Amino acid sequence: QVRLVESGGGLVQAGGSLRLSCAASGTISRIYTMAWYRQAPGKQRELVAIIDSGENRNSAESVRDRFTISRDNSKNTVYLQMNSLKPEDTSVYYCYAVVDYGSGPVGAWGQGIQVTASS
């Protein structure tokens, strides 16, 4: 069973930075796409940034010049470096990964972590 655990969230003043981490555990054969989503109260979950196994990246226009996604395959971990945080970035952030643990690729979600940027 694949488990994704996020860390690094918290409260920061607007203009500050945070780095989120998400580590996958379990009997993993391969990790394909990894991504970060976020969901603010009363809003739909939205894609923030995504990185595939070839390290091709894409991100939402609202964060493109401020957030950077990266991964460390040796640690089965994906990161989200968030700079110049704005109050509108306040959300619960979720890690998502497509993981093959021996029976074919499946999608898995982390439990979510709160990020708050205060004005």
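This is a predicted model: local features need pLDDT of at least 70, side-chain atom pairs count only at pLDDT 80 or more; totals for chains, interfaces and linings use all residues.
## Around S21

S21 sits in strand β3, which runs over residues 18–25. Its relative accessibility comes out at 17%, so S21 counts as buried.

Take M82 for a look at the surroundings. Leaving out neighbours within four places in sequence, M82 is in contact with G16, S17, L18, L20, R66, F67, Y93 and V115.

## The disulfide

Searching the whole structure turns up one disulfide. The partners are C22 and C95, with 2.1 Å between their sulfur atoms. The link is left-handed, at -80 degrees about the S-S bond. It joins distant parts of the chain, since C22 belongs to strand β3 and C95 to strand β9, 73 residues apart. Both C22 and C95 are buried.

Y32 is a strand β4 residue. With a relative accessibility of 25%, Y32 counts as partly exposed. Setting aside neighbours within four places in sequence, its contacts are I51, D52, S53, R71, V98, D100 and P105. As for S53, its C-alpha is 5.1 Å from that of Y32, although the two are 21 residues apart in sequence.

## Salt bridges

The whole structure holds four salt bridges. R38 takes part in a bridge with E46, where the closest N and O atoms are 2.7 Å apart. R38 is buried, at 5% relative accessible area, while E46 is partly exposed at 36% relative accessibility.

R38 also pairs with D89 through their side chains, at 3.0 Å from N to O. Because R38 lies in strand β4 and D89 in the loop between β8 and β9, this pair ties together parts that are 51 residues apart in sequence. D89 counts as buried, with a relative accessibility of 1%. R38, E46 and D89 join R66 in a network of salt bridges. Another bridge links the side chains of R57 and E55, at 3.5 Å from N to O. R57 is partly exposed at 46% relative accessibility, and E55 is partly exposed at 34%.

Notes:
Residues are numbered from 1 along each chain as its sequence is written. Side-chain values use heavy atoms; hydrogens and water are left out. Helices (H or I, at least four residues) and strands (E, at least two) are DSSP runs, numbered from the N terminus. Buried means under 20% relative accessible area, exposed over 50%, partly exposed in between (1.4 Å probe, protein chains only). Contact means heavy atoms within 4.5 Å. A disulfide is a pair of cysteine sulfur atoms within 2.5 Å.
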